[in-house]
Protein chains: 2
Amino acid sequence: MRTFVTAAEAGRFQDAATDLAVTQQAVSKRIATLEKTLGVRLFTRTARGAKLTIDGQAFLPHARELLQAEARAIASVCPGRRALRVDVIGRRLAPAGALRDFHRAHPEAGLDLVTLVDVDTAIDALRSGTIDASFRAVTMPGRELPDDIGATRAFDEPVQFLTGPAHELATARAVMPAELAGHRIWMPGLVPGTESTAYYDDLATAFGLTIEITGPDFGTEPLLDTVADSRSLATFVGEQTRLVWPAEHDLRRIPLRDPTPVYPHSLLWHRDNRHPALDALRRHFGSGRFDHSAAGTWTPAWVH
Amino acid sequence: MRTFVTAAEAGRFQDAATDLAVTQQAVSKRIATLEKTLGVRLFTRTARGAKLTIDGQAFLPHARELLQAEARAIASVCPGRRALRVDVIGRRLAPAGALRDFHRAHPEAGLDLVTLVDVDTAIDALRSGTIDASFRAVTMPGRELPDDIGATRAFDEPVQFLTGPAHELATARAVMPAELAGHRIWMPGLVPGTESTAYYDDLATAFGLTIEITGPDFGTEPLLDTVADSRSLATFVGEQTRLVWPAEHDLRRIPLRDPTPVYPHSLLWHRDNRHPALDALRRHFGSGRFDHSAAGTWTPAWVH
DNA sequence: GCACGACACAACCAGCGGTTGTGCGGATAT
DNA sequence: ATATCCGCACAACCGCTGGTTGTGTCGTGC
């Protein structure tokens, strides 16, 4: 590919060969094999060089795009000058969506999303420099943030109740958390020891709920399958969480009111991190554009 | 790259190997060499398979993008089911910009842009099926369109007068074409025998102008250099033409009025062409959204 | 008409990238 | 606690890809 682009730009195989530090015959062979694999002629050979055919013209921008994609891929893991790497809880959850907004606002800053299991792993990764920022709920009881980690309350996400069409509360416009006492709430994805588990534990205690985390976690699809078909089983889901479920499933998002439990997404970073785009990220999420203390909301007492 | 993506999806080198129809050892070697060239570890090897590291997680979407770019590149030259291929006069000229609008409206249709020298070459390419459509000014005198080629007047582009800051007309709000008689108009890019040359020849004749096409064509940059520094040399340029010139150059676009010469861009296609996206393209440009007969405009008499 | 420039073809060879065979370590089972 | 299995890494081997040098061919320009 690189040979093709170089030859197309140079207009002569000879010049491309010197650019690439190989012989003219090597360039000729590379182009020939590329043409053979594609099944089309890319150059018309003339006495004064090689000109692109129509197919070659159409192919050229795609070849350039391929080389750029390669450069981006390499840059994404290049230590030191790689793109800003942010840990989100999951790619379909609210922080990932919020980062899309940030990326639209700052397209010049490269952005890579990774997912880690819990806040402790995230802090280790922040310290080692493998990630630059992390969206977490801080801090869990008994685990205050260390001094070298900075944190901003980024935004709050209302929690919703997700049911199938046959569920008793399926047609409710909204429900109070206390009304859910006695209902079966199933969250098999919760990993013990993580801060999101601490959040939902506190939520359950505060309103007298019982959350079942029994059973293996097969991912969201089987969970949604089960919830959609059940008259009694339901689950919690963030308002911003993008769920993909088969078209035949009819799932209902029921808002919670009086109070509305909100999940507190905080932005964490390491104070020694000098990544150029990190400042912009902090400003984007720490500029007070989110209301952290809306009336009628609930968070665990340990939330900053 | 494909091995990396497959292994990341499978979670086990073994499974990836069977998917790729090679041995596990080959996969192991490929991943090892990839890690070596990148200088980072992409997988953590466990007893139950291989999991992505943080670097691997960040690398994965870029690797996927690379494979997709490869697929698009191949598809762009795949005979039969390739993307819609449209001939524009130049990548910075009005048809290319108009096609960007079309691509925004129909993102599902792949689109490749190529450039051919003149309408005859374009018609040959349309007949042979190497291109699907062409933007041209039709028809030149004495060269009516053949029956197997369809044409629609797509849109008209006003012609402007481009001068440097020292030119006599640099500060004019607008000029009449007839006022340009006696001024030096330089268009070294015009190729004799092409329809755009025929257009400007007619324009010159109609208003008593003299257009110099002397001197070799070194591209737009040297042309703009010369025009920017000259007190007497100027040139014609399409209103939609995107020119890139160094910041130190101060070029002026002077609109033409009474009448406004417009360049008639027509869309050409072959009547036997059954490309699925060609219909959409014809509808996009043939739906009467452009005013073809605005008062006060001028076109050569031979324009359809 | 001849020299020159540019690409293609032929022969040759190193090394990349595959294979088979085996070793090693962690997780599970007995 | 120990045996067993599963999955990945390492070693040896080898064919074929992809490079080199040398030469041929063709169109262009003096």
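Modeller: Contact here means heavy atoms within 4.5 Å, and by that criterion the contact takes 30 residues from chain A and 30 residues from chain B. This is a predicted model, in which local features need pLDDT of at least 70 and side-chain atom pairs count only at pLDDT 80 or more, while totals for chains, interfaces and linings use all residues. Residues are numbered from 1 along each chain as its sequence is written, chains are lettered from A and ligands numbered from 1 in the order in which they are written, and side-chain values use heavy atoms, with hydrogens and water left out.

The area buried between chain A and chain B (the accessible area, taken with a 1.4 Å probe, that two parts lose on being put together, summed over both) is about 2400 Å², and carbon and sulfur atoms give 66% of it. Of the area that chain A buries against chain B, 25% is supplied by A:I54, A:H62 and A:V77, more than any other three residues.

On the side of chain A that touches chain B, α4 (54-77) and β4 (111-114) of chain A each supply at least two residues, where helices (H or I, at least four residues) and strands (E, at least two) are DSSP runs numbered from the N terminus. The largest share of that side of chain A, 16 residues, comes from α4(A).

As for DNA strand C, 19 residues are around it, and A:S28, A:R45, B:Q25, B:K29 and B:R30 come nearest, a residue being near a strand if one of its heavy atoms lies within 4 Å of it. Sugar and phosphate account for 65% of the atoms of DNA strand C that come within 4 Å of the protein. A polar backbone atom of A:Q14 is 3.0 Å from a phosphate oxygen of DNA strand C, whereas the bases are approached by polar side-chain atoms, with A:Q24 at 3.3 Å from a base nitrogen and B:Q25 at 2.5 Å from a base oxygen. The elements that give two or more residues to the surface near DNA strand C are α2 (13-20), α3 (24-38) and β2 (49-52) of chain A, together with α3 (24-38) of chain B.

Note on methods: A polar contact is a pair of N or O atoms within 3.5 Å; within protein, one must be able to donate a hydrogen and the other to accept it, and residues adjacent in sequence count only if both atoms are side-chain atoms.
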